[in-house]
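User: Please take a close look at a single part of this protein and describe how that part sits in the whole. Plain wording will do.

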Amino acid sequence: MGDSGASGDSGAAGSPDALLGPADIRELAAALGVRPTKQRGQNFVIDANTVRRIVRTAGVRPDDTVVEVGPGLGSLTLALLEAAEQVVAVEIDDVLAAALPATILARMPERAPRFSLVHSDAMLVDELPGPPPTALVANLPYNVAVPVLLHMLDRFPTIERTLVMVQAEVADRLAADPGNKVYGVPSVKANWYADVKRAGSIGRNVFWPAPNVDSGLVSLVRREPPKTTATKREVFTVVDAAFAQRRKTLRAALAGWAGSPALAERALVAAGVSPQARGEALTVEEFARIAEAKPAGVTV
């Protein structure tokens with residue numbers, strides 16, 4: 001385990017005491033009456049070495065404005081404040097949101113002015129205080145990880161680099177390539193925004209409570225979306241339809257979208273995609289071509 005920091009010193013940024021260790025996390029939680037809830041997918045990181053590793057892997061720079069979703073008690077927040085120019089944390093939980101600014105002030109007083117808190121559901125956030133965010137680094141609540149990630153990438157195009165900790169199987173899905181059996185809707189949609197890859201694994205013993213699943217890090221580096229005359233919404237509609245019945249051929253799976261199997265086949269042929277293919281074989285660019293070839297009268 002990392003430094004316990006139990007002395008409670010408000011250590012300077014970069015000193016071990018500034019970060020939260022196991023004893024600090026339990027003390028804080030007890031003082032706040034916080035019991036991590038399954039409903040919100042809460043597992044607090046209690047290891048200082050792990051949060052520093054996450055910040056390092058994320059490539060956080062001194063000029064970055066980092067947005068963090070689900071800061072909890074502030075383990076990762078403090079490590080981000082050591083490295084970044086500004087940190088904006090988005091927290092839905094009333095008790096945690098109320099307590100976090102005091103934790104920052106107590107442990108990193110000289111960095112506190114660089115921290116701001118948005119008390120909200122991340123899925124409803126479409127603006128943030130301060131400079132536009134350049135990075136997203138978060139231990140995402142497992143039950144909403146994919147929608148939150150896609151929402152943040154969509155709403156904040158200035159986010160160039162993202163590193164998220166998610167359930168290992170979600171990490172595998174996000175980073176999967178076409179043809180992989182876990183390649184699906186999250187893989188394609190994440191690829192619309194970014195180059196996606198696995199960036200490491202995180203053991204269960206660095207969390208409190210220890211989850212009964214493994215965790216993985218996913219790196220996303222922003223790139224231009226595919227060049228297409230179709231809108232993102234039109235492309236995502238095709239993606240959703242293709243994977244809603246993933247065992248079916250695209251000719252069958254897209255019949256509802258196109259109006260009939262024959263119209264789906266016509267659109268697929270026009271897009272240069274085999275009507276006998278399945279969704280899991282296609283790149284995001286191929287989905288965009290299908291969306292471009294949609295039959296007349298198809299509305300999204």
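Arg 161 is found in strand S6, which covers residues 161–167; strands (E, at least two residues) and helices (H or I, at least four) are DSSP runs numbered from the N terminus. This is a predicted model, in which local features need pLDDT of at least 70 and side-chain atom pairs count only at pLDDT 80 or more, while totals for chains, interfaces and linings use all residues. Residues are numbered from 1 along each chain as its sequence is written, and side-chain values use heavy atoms, with hydrogens and water left out.

Arg 161 counts as buried because its relative accessibility is 14%; buried means under 20% relative accessible area, exposed over 50% and partly exposed in between, with a 1.4 Å probe and protein chains only. Leaving aside residues up to four places away in sequence, Arg 161 touches Ala 58, Gly 59, Val 60, Arg 61, Asp 64, Thr 134, Ala 135, Leu 136 and Leu 220, where contact means heavy atoms within 4.5 Å. With Gly 59 there is a polar atom of the Arg 161 side chain 3.0 Å from the backbone oxygen. A polar contact is a pair of N or O atoms within 3.5 Å; within protein, one must be able to donate a hydrogen and the other to accept it, and residues adjacent in sequence count only if both atoms are side-chain atoms.

Strand S6 belongs to an open sheet of 7 strands with mixed pairing, in the order S4-S3-S2-S5-S6-S9-S7. Two strands pair if DSSP finds at least two bridges between them. The edge strands, each pairing on one side only, are S4 (115–119) and S7 (194–202). On average, neighbouring strands of this sheet are turned by 20° against each other, direction ignored; axes are lines fitted to C-alpha atoms, for helices over the stretch in contact, and angles run from 0 to 180 degrees between N-to-C directions.

Ser 201 has Gly 216 in S9 as its bridge partner. Helix H7 (residues 185–193) packs on the sheet and touches S7 and S9, its direction making about 120° with that of S7.

The protein as a whole has 12 helices and 9 strands. Of its 300 residues, 52% count as buried. Among contacts between residues at least 6 apart in sequence, 70% join residues at least 24 apart. The C-alpha atoms fill a box of roughly 70 × 40 × 30 Å along the principal axes.
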